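Reader: Please take a close look at the aromatic rings in this structure. I would like to know what sits over them and how they pair.

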Amino acid sequence: MRVVRVEKEEWKVLSEKAHLIVFNENKNSENDRIDFALTVEEEESSLLLSYITCRETDSDTLYWQYGGSFPGTKGTILSYRAVQATLRYCQERYKRVFFYVENKNSAMLKMALKCGFLITGIRNYKNTILVEHLLEFRE
């Protein structure tokens with residue numbers, strides 16, 4: 001697996017299709033407020049496995065805004081391995097990562113805890129409850 005940083009202008013071209021494929025919903029790329037996206041690809045084929053859009057909140061902290069696994073990856077061990085690969089990439093560059101996940105997304109809630117994220121809060125957004133997760137790599 002390979003993690004690739006995709007700059008925001010390049011991601012803008014891909015984001016609407018990626019979001020539609022992963023979430024089965026339309027999302028206008030003009031609404032994105034990201035610094036870059038991270039994609040995870042298979043080494044040999046460059047087949048996209050997953051993506052995460054990212055925003056730096058400061059030089060040490062990365063916010064994972066949107067992300068998910070593409071069909072064929074979702075619900076498989078590849079999805080977990082893609083998150084682990086992304087965490088290794090982030091650990092080399094940041095002190096911490098945080099994100100929000102809907103409280104009904106049991107697969108992602110379990111995966112976050114398995115990866116060492118701690119629950120640090122909740123938010124309400126568009127009639128959903130989002131659980132905040134934080135992983136500190138180092139102080």
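Author: The charged end of R93 sits over the ring of Y89, at 3.6 Å from the ring centre. K114 is placed over the face of Y80, and here the distance to the ring centre is 4.7 Å. Both values, like those below, are computed from a predicted model.

Next come the contacts of ring with ring. A pair of aromatic rings is described by the distance of the centres and the angle of the planes. The count of aromatic pairs in this model is eight. One of them joins F98 and Y100, with 6.2 Å from centre to centre and 85 degrees between the planes. That angle is over 60 degrees, so the pair counts as edge-to-face. F98 is buried, at a relative accessible area of 13%, and Y100 is buried too, at 16%.

F99 and F117 form an edge-to-face pair as well: the ring centres are 4.9 Å apart and the planes stand at 80 degrees. F99 belongs to strand β5, residues 96-102, whereas F117 is in the loop between α3 (106-114) and β6 (118-125). The pair therefore ties together parts that lie 18 residues apart in sequence. The relative accessibility of F99 is 5% and that of F117 is 2%; both fall under 20%, so both residues count as buried.

Elsewhere, W11, Y51 and F70 are linked into a cluster by ring pairs.

Key
Residues are numbered from 1 along each chain as its sequence is written. This is a predicted model: local features need pLDDT of at least 70, side-chain atom pairs count only at pLDDT 80 or more; totals for chains, interfaces and linings use all residues. Side-chain values use heavy atoms; hydrogens and water are left out. Rings of Phe, Tyr and Trp (its six-membered ring) pair if their centres lie within 6.5 Å; planes under 30 degrees apart count as stacked, over 60 as edge-to-face and the rest as tilted. Buried means under 20% relative accessible area, exposed over 50%, partly exposed in between (1.4 Å probe, protein chains only). Helices (H or I, at least four residues) and strands (E, at least two) are DSSP runs, numbered from the N terminus. A charge sits over a ring if NZ of Lys or CZ of Arg is within 6 Å of the ring centre and within 35 degrees of the ring normal.
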